[in-house]
Amino acid sequence: MSLNGEKHDMTPEERALQLIKELSLEEKMAQINCVFPFDKTYLDMDWIRNQIPYGIGEVSTLEMRRMETLDEAAKWINNVQKMVMEQSPHHIPAIFHMEGLCGAFIQEASSFPAGIGRGASFDVELEEEIAKCVATQEAACGITHILAPVLDVSRDSRMGRQGETYGEDPTLAAAMGVAYTKGIQNTSVDGRRPESVAKHFLAFHNSQGGIHGTHSETTERTLREIYGKPFQASITESGLKGIMPCYCSIDNEPASVSKSLLTNLLREEMGFDGICVSDYGGIGNSHTVQHIGENLAETGMMALEAGMDIEMPSPAGYGQDLYEAFRTGRFSTETLDNVVLRILTEKYRMGLFDHPYAMEGEELKESFVKVHQEGKLSYDSAVESMVLLKNDGILPFSGEQMRNKKIAVIGPHADNARMFFGGYTHLSMMESIYAVANSIAGVAGIENTSGEEIPTVPGTNIQLDQGDKYDAILKRQKPGCRSLLEELKIRCPDTQFIYARGYHVAGEDLSLMDEGLRFVEEADLVILTLGDKYGTCSLASMGEGIDSTYINLPKCQEAFIERAAQFHKPLVGIHFSGRPISSDVADKNLSAILEAWAPAEAGAKAIVDILYGVVSPSGKLPVSVAVNAGQIPIYYNHPWGSASHQGESIGFANYLETSHKPRYCFGYGLSYGEFVYSDMKISKPEVKPDELITVSCQVMNVSNADATEIVQCYISDRFASRTRPVKELVGFVRVLIPAGEQRAVTFFIEPSQTAFLDKDMRWKIEKGQFDVMLGKSSDEICFSKTVQVTEDAWIDGKRRAFYARTEVR
């Protein structure tokens, strides 16, 4: 028997149907709402109790970021859950939710690299293991709604949240998202089954001007074919049970109140059968910012009818005015009943009625330690995320060559391990409690009551994150996390390292330059840590709501590189950010460039291992890198006749100032290995729409270094009834090849991967010729063969294939 007395042989749906018949209007309204114990209120149990007179649907756990021990976190969850169930007349437990992009906001939890770095790994298997780790740690603490994965397709580096995504390609995002969703939803801890809440539905990163949450001018086809693909794949292949809509307005409808998106598309077309939860303040934002609905109750009813199940983090549209509209009969409760039924079903499916409380004590600690694997997952992810963009032969360093040498290490990221942690990490979220201005929707900044001047990066409005209170965060959360400078000194005792800050993370101020240049002059070699501050709120130059029209290296850093180059010393650049490095100055003057993104707790070890050749870099760019913001949007899978494939009869082949082509293409990345592709084969020259296309080749590592290659398979529709992409990624695979050895790589492509929406908006596999290509990047194609699809076929779009299966022998 459960806490409510139902028999366990009933399905979650049956149990929910039985329970909803007994609920009052007040109890139903409680289920569609969330409580947000923010700032000091998380310690005030009386305040929390007053917010939940009839229980609650969800509880925000953001303030668990402040809790100093794992036991404190678990006890807080259990105290709040006990209170929720006592307040609820039918003892209905709450769902506790937490972010899951880069790990839990819980002491002792594992921390992982930014999404864009993990996208650069192209490692589907590792992504599933990371999700299992996050899910296990959160579910052990009683959290069963994990706000991840981020399935946004990002084609715009101006937007501050690019670092959360897997990049620009829908096939890559689909494969990684399916893996992450499986990792979460196949996990069970102490009887609880966490569920994934994928975000941000839909076309969030196609916002006007690259500005967070603005109007998204996205066509119906692009919405489904590009931005919808990762979501559809996760629904079809992983049984995704949670969706968080975006803040954008699409076709003049905010996503939070759009029935065409949340019901017609998501539930009816795509087959989603879980629950939708609003992004923080999304429903209220629809009314107050996007001016939808005459009042909040009307906006709330629009959201409810659209298919939004729970409003987070606090009642606005689903508040007292909507309750009164139901109570007085102004609005019918039929829609409310349907929504509450979905929520109760979800809670039964999660196991919350039978296992509502977090684990405690040694059992809880052991669950964290076991999946952390002594940091192995974090390290593997960090080292696989890094992309070598340039190397004139300076890398890898030889320990013997560097013996008794003097290396200058310059840059604000080098002696501060906090710089390894990007947006939506526990550390970044804890830093944000000191932010005087907030950029996260639904969350306030601190009030500056002291009257003290807030220090900023010179010449900018970016708040400086320097001082003991910030360093204490790292010491508490990750006491063993070393800075790059510390790691170098410990690992290379026979080399002399000298350090200077040299420049800031933003702006044009050059006041730090002289000391840095003096060290450059003294050194045999120089390591430059470059990039911005990827984090949260006013403390960051990139992050949620922190967008920019300038996507290149800070001007102070480019000025330093130009001056340092005059000493004719080898300059090695390591870039940290949520967007890729883009700099003419760096390309011209640096001997090597390593894109490190935001590598989290294992960042220093991963970087040093790559610099010294312990491992070979294997990451590939998950985005096309714009030369400057004027090229945006720029992406490899643009339609025929666009970008670098513009027709000669229409205009010049380039801009006046620069090329139509990106600085670095999608899929690009160097290695210490050297790979030779040979012997491409295709199963047959003609296939029917239901026949498999098998493509294979041999890949040999002809170098002296063991290395991993990411083999990429693309397809191009030569001629079609709609304008199609010049090429599309259909499959990829990581292949570890020891020095001098060879591997056979095979892709199994379903013709349904070529399907698109025809003139009648039906998914069509269209007959015609397709070029199937194998290569090292979207530009470096090694082989191409042609296959003919012999006849048309129309299919159910949600049953199409999303990426090719692979085999390595």
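## Two residues with positive phi

Asn-404 is found in the loop between helix H17 (399–402) and strand S12. Helices here are DSSP runs of H or I with at least four residues, strands are E runs of at least two, and both are numbered from the N terminus. Asn-404 is not a glycine, yet it has a positive phi of about 65°. At 67% relative accessibility, Asn-404 counts as exposed. The cut-offs are under 20% relative accessible area for buried, over 50% for exposed, and partly exposed in between (1.4 Å probe, protein chains only).

His-91 also has a positive phi, about 55°, although it is not a glycine. Its place is in the loop between helix H4 (70–87) and strand S3 (95–99). At 40% relative accessibility, His-91 counts as partly exposed.

## Basis of the model

This is a predicted model: local features need pLDDT of at least 70, side-chain atom pairs count only at pLDDT 80 or more, and totals for chains, interfaces and linings use all residues. Residues are numbered from 1 along each chain as its sequence is written, and side-chain values use heavy atoms, with hydrogens and water left out.

## Overall fold

The protein chain has 24 helices and 30 strands. Its C-alpha trace spans about 80 × 70 × 50 Å along the principal axes.

Of the 809 residues, 62% count as buried. Among contacts between residues at least 6 apart in sequence, 79% join residues at least 24 apart. Contact means heavy atoms within 4.5 Å. The chain exposes about 29,100 Å², and carbon and sulfur atoms supply 47% of that area. Accessible areas come from the Shrake-Rupley method with a 1.4 Å probe; for residues, only the protein chains shown count as cover.

In helix H21 (residues 513–522), Met-513, Gly-516, Leu-517, Phe-519 and Val-520 are buried. Seen down the axis, these buried residues fall within an arc of 160°, so they line one face of H21. The arc is that of the directions from the helix axis to the C-beta atoms. On the other side of H21, Asp-514 and Glu-521 are exposed. The cover over the buried residues includes strands S12 (406–410), S13 (496–500) and S14 (525–531), and helix H22 (555–564).

Helix H20 (residues 484–491) buries Leu-484, Leu-485, Glu-487 and Leu-488. Their arc is 165°, so they line one face of H20. They pack against S12, S13, S14, strand S17 (571–576) and helix H24 (603–611).

## Aromatic rings

How many aromatic pairs does the structure hold? There are 14 aromatic pairs. Rings of Phe, Tyr and Trp (its six-membered ring) pair if their centres lie within 6.5 Å; planes under 30 degrees apart count as stacked, over 60 as edge-to-face and the rest as tilted. Phe-36 and Phe-38 form a tilted pair, 5.3 Å centre to centre with 40° between the planes. Phe-36 and Tyr-280 pair edge-to-face, at 5.5 Å and 65°. Phe-36 lies in the loop between strand S1 (34–35) and helix H3 (45–51), and Tyr-280 in the loop between strand S10 (275–276) and helix H11 (282–288), so the pair ties together parts 244 residues apart in sequence. Phe-36 and Tyr-280 are both buried.

Ring pairs also link Phe-122, Tyr-636, Phe-666, Tyr-714 and Phe-732 into a cluster. Two charges sit over rings. Arg-155 lies over the face of Tyr-635, 3.5 Å from the ring centre. The charged end of Lys-605 sits over the ring of Tyr-379, 4.1 Å from its centre. A charge sits over a ring if NZ of Lys or CZ of Arg is within 6 Å of the ring centre and within 35 degrees of the ring normal.

## Cis peptides and a buried serine

A cis peptide bond joins Ala-148 and Pro-149, with omega about 5°. Pro-149 is found in the loop between S4 and H7. Ser-157 lies in the loop between strand S4 (143–147) and helix H7 (170–185). At 8% relative accessibility, Ser-157 counts as buried. Not counting residues up to four places away in sequence, Ser-157 touches Gln-162, Ile-551, Arg-579, Pro-580 and Ile-632. A cis peptide bond joins Ile-632 and Pro-633, with omega about 0°.
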